Amino acid sequence: MSDQPSDAPSRSETSPESRDAVESASGSAPEPGSGVASGRPGRAEAPAKTPARASTRSVPPQNDGPDVPKVPAYLQKPPRPDVWLRGGQPPPGVLSRLRPPPPPAIGPATLWSALATALLCALLLGDGVGLNLLIVAVPAALGAFFAARSAGRRLRPWTAVWAVGGLALLTIPALREAGWPVFLAVVSALALGSLALHGSRSWPGVLLGSLGLLPSAAAGARWGWHGVRARADDSRGRVRSVARTTAVAVVLLVVFGALFASADAAFAELLGSLTPDVSVGDSPWRVFLFALGLLGALAAAHSAAAPVRWDGITVRPGKPRSRGEWALPLIVLNLLFAAFVVLQLVVLLGGYDKVLEETGLLPAEYARQGFWQLLWATVLTLVVIALALRWAPRGGPGDRTLVRSVLGALCVLTLVVVASALRRMDLYVDAFGLTRLRISVAAVELWLGVVLVLILAAGIFGARLLPRAIAVSAAAGVLVFGLVSPDGLIAEQNVQRYGSDRTIDIDYLKGLSADAVPALNTLPEPLRSCALENFQRDLAAADAPWYSISWGEARAQDILEKNAVQNHGTECYGLGQEADEREGYEEEDSYDPY
């Protein structure tokens with residue numbers, strides 16, 4: 001609409017109905033050829049006279065009609081929808097932004113992939129984890145690919161990064177026998193697989209998208225059931241044909257496989273190693289694995305076809321603060337960090353012995369006293385940075401420069417704190433040896449340092465890729481942690497310490513996984529046999545199929561078969577006790593699990 005001039009009512013034309021009313025009241029009839037008659041061709045002229053009471057006709061409502069100036073569009077209030085009416089359209093909420101469009105009907109390729117995943121889960125996962133996890137993941141990934149292609153989704157670079165990273169993490173169970181890096185790898189692989197299906201990029205999207213398979217479990221099951229019913233109704237004859245073909249193939253394999261196995265012992269041994277060992281006693285467990293694999297594959301396919309839009313969750317920034325109110329606490333914190341860093345540099349440059357002399361602490365005590373505090377200081381610094389960014393001033397280029405300068409200095413100083421914490425852990429390990437907890441917290445501290453470097457890079461190049469970059473760094477850290485074999489590193493470091501100061505904790509090393517066998521095999525007798533006797537007993541009793549044995553376990557079996565463990569009887573109980581006093585620290589109980 002355009003604006004109307006102030007004298008618009010005087011110049012506005014009168015409608016035909018109002019003219020009729022005025023002329024009828026005055027008793028005059030419209031002239032031939034007037035605007036009323038000429039404006040309506042082909043219609044009879046109006047009657048000459050109308051009763052006087054015709055002047056009481058209804059008057060047009062106020063603020064309506066051509067005589068009233070129209071309100072400009074920019075001054076009109078938008079209509080308020082009535083959400084209680086059925087036809088009302090409420091503003092989109094969080095759920096409507098997250099809800100995906102309905103997926104297309106499930107295709108036969110996706111159904112067969114889900115069925116193959118369920119069968120492989122039931123047959124292979126009942127005997128442990130190893131290469132079988134990677135075998136099971138292949139048909140599940142194919143089913144998700146087919147579902148995404150039928151929904152019109154394209155393979156994007158970040159989707160390929162998440163998918164390849166997830167499959168790479170599933171190689172850890174095939175390589176390592178230790179349960180704790182395997183658990184971290186499997187959980188991280190599931191998270192990366194979920195991110196590959198949802199394609200999230202924001203902070204809420206990356207955090208919630210890694211758990212996105214859980215909401216899709218029920219929807220995927222319904223989706224698969226509807227697809228099976230539709231195809232069963234349309235092709236009953238085809239289903240019967242497939243069932244007959246499968247039954248004939250199974251009968252032929254069983255009959256001729258049994259004949260060849262009875263004819264040749266080598267073929268029987270090969271067939272027995274390749275065939276899953278399925279018994280009646282573990283049938284409920286196999287049924288559960290079948291259902292779990294089927295639900296997981298359908299959930300992955302449904303997420304690929306109709307992913308939940310986790311990026312629809314937006315976190316509003318906090319109220320910006322003034323420069324002085326925001327910057328003063330952080331500047332004080334930077335000064336405190338700077339003082340601590342200067343002291344650490346003095347210690348590194350030659351004042352280490354002086355500090356120990358003044359404090360009266362042993363090197364191991366000094367290292368232990370500081371590492372955990374510095375680890376928590378690093379974690380809390382990341383929390384402070386996140387909160388500072390939420391309430392940072394956002395007035396212009398000057399505010400951006402201030403935020404980058406203050407937080408950048410805090411990140412750089414925190415990196416020095418990370419280096420100091422790692423140095424203290426190194427001193428502590430030299431005094432007491434490497435353990436699972438020590439190597440784990442050192443790895444976490446190292447990853448926190450990587451996160452700080454990524455935050456620094458985001459301050460320079462932009463934070464658009466920061467959520468995904470941190471997720472990639474976490475997955476890469478888990479992958480490297482599993483590939484380096486932490487149990488093997490623990491055993492190797494303790495063996496090296498024994499060669500230098502003749503202190504070793506055999507009881508602790510016995511509790512490691514088979515990944516530690518190559519390092520423990522280099523110990524002299526009787527330490528070697530005492531450290532490996534439990535491994536030989538456990539590996540001899542194990543009867544796992546090829547797909548559930550890791551490479552670390554197979555290597556340990558090969559080592560112990562070539563060089564068997566000797567029986568030293570009760571002599572093993574007294575070994576390793578010379579480590580009771582390590583530099584005078586903890587004389588009553590020398591072993592420190594931390």
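Me: Helices are DSSP runs of H or I with at least four residues, strands are E runs with at least two, and both are numbered from the N terminus. With that settled, where is Arg-156 found?
Reply: Arg-156 sits in the loop between α6 (131-150) and α7 (157-169). One caution: this is a predicted model, where local features need pLDDT of at least 70, side-chain atom pairs count only at pLDDT 80 or more, and totals for chains, interfaces and linings use all residues. Residues are numbered from 1 along each chain as its sequence is written, and side-chain values use heavy atoms, with hydrogens and water left out.

Me: Is Arg-156 buried, exposed or partly exposed?
Reply: Partly exposed, at a relative accessible area of 49%. Buried means under 20%, exposed means over 50%, and partly exposed is in between (1.4 Å probe, protein chains only). Areas come from the Shrake-Rupley method with a 1.4 Å probe, and only the protein chains shown count as cover for residues.

Me: Which residues gather with Arg-156 in a patch of positive charge?
Reply: Arg-154, Arg-201 and Arg-464 gather with Arg-156 on the surface. Patch members have over 30% relative accessible area and no salt bridge; like charges are joined within 9 Å, and nonpolar side chains (Val, Leu, Ile, Met, Phe, Trp, Tyr) within 5 Å. Lys and Arg count as positive, Asp and Glu as negative, and His and the chain ends are not counted. Each charge is placed at NZ of Lys, CZ of Arg, CG of Asp or CD of Glu.

Me: And which residues form the nonpolar patch?
Reply: Val-248, Val-251, Leu-252, Val-255, Phe-256, Leu-259 and Phe-260. Together they have about 660 Å² of accessible area. Leu-252 is in helix α12 (residues 236-263) and is partly exposed at 46%.

Me: Why might residues spaced three or four places apart in a helix point the same way?
Reply: An α-helix has 3.6 residues a turn, so such residues face the same way.

Me: New topic. How many salt bridges does the structure hold?
Reply: Seven. A salt bridge is a side-chain nitrogen of Lys or Arg within 4 Å of a carboxyl oxygen of Asp or Glu.

Me: Which residue does Asp-487 meet in a salt bridge?
Reply: Arg-436, at 2.7 Å, N to O. Asp-487 lies in helix α20 and Arg-436 in helix α18 (residues 436-461), so the pair ties together parts 51 residues apart in sequence. Asp-487 is buried at 0%, whereas Arg-436 is partly exposed at 27%.

Me: What about Asp-558, which partner there?
Reply: Lys-562, with the closest N and O atoms 3.3 Å apart. Both lie in helix α24 (residues 551-562), four residues apart, about one turn of the helix. Asp-558 is partly exposed at 35%; Lys-562 is exposed at 68%.

Me: And the partner of Arg-528?
Reply: Glu-525, at 3.2 Å, N to O. Arg-528 is buried at 3%, and Glu-525 is partly exposed at 35%.

Me: Which kind of peptide bond joins Glu-525 and Pro-526, cis or trans?
Reply: Cis, with omega about 5°. Pro-526 is in the loop between α22 (517-520) and α23 (527-541). Most peptide bonds are trans, and most residues other than glycine have a negative phi.

Me: What is the phi of Ser-485?
Reply: Positive, near 60°. Ser-485 is in the loop between α19 (466-483) and α20 (486-501), and is buried at 6% relative accessibility.

Me: Which residue follows α9?
Reply: Gly-199, whose phi is also positive, near 65°.

Me: How far apart are the end C-alpha atoms of α9?
Reply: 29 Å, which agrees with the 28 Å its 20 residues (179-198) should span. The expected span is 1.5 Å times one less than the number of residues. Its buried residues include Trp-180, Val-182, Leu-192 and His-198.

Me: How far does α14 reach?
Reply: 33 Å from first C-alpha to last, over 23 residues (283-305), close to the 33 Å expected. Among its buried residues are Arg-286, Leu-289, Gly-293 and Ala-300.

Me: What separates the C-alpha atoms of Ala-300 and Leu-214?
Reply: 9.5 Å, though the two are 86 residues apart along the chain. Leu-214 lies in the loop between α10 (203-209) and α11 (216-234) and is exposed at 69%.

Me: Last one: where is Val-341 found?
Reply: In helix α15 (residues 323-359). Val-341 is buried at 9%. Its C-alpha is 8.9 Å from that of Thr-414, 73 residues apart along the chain.
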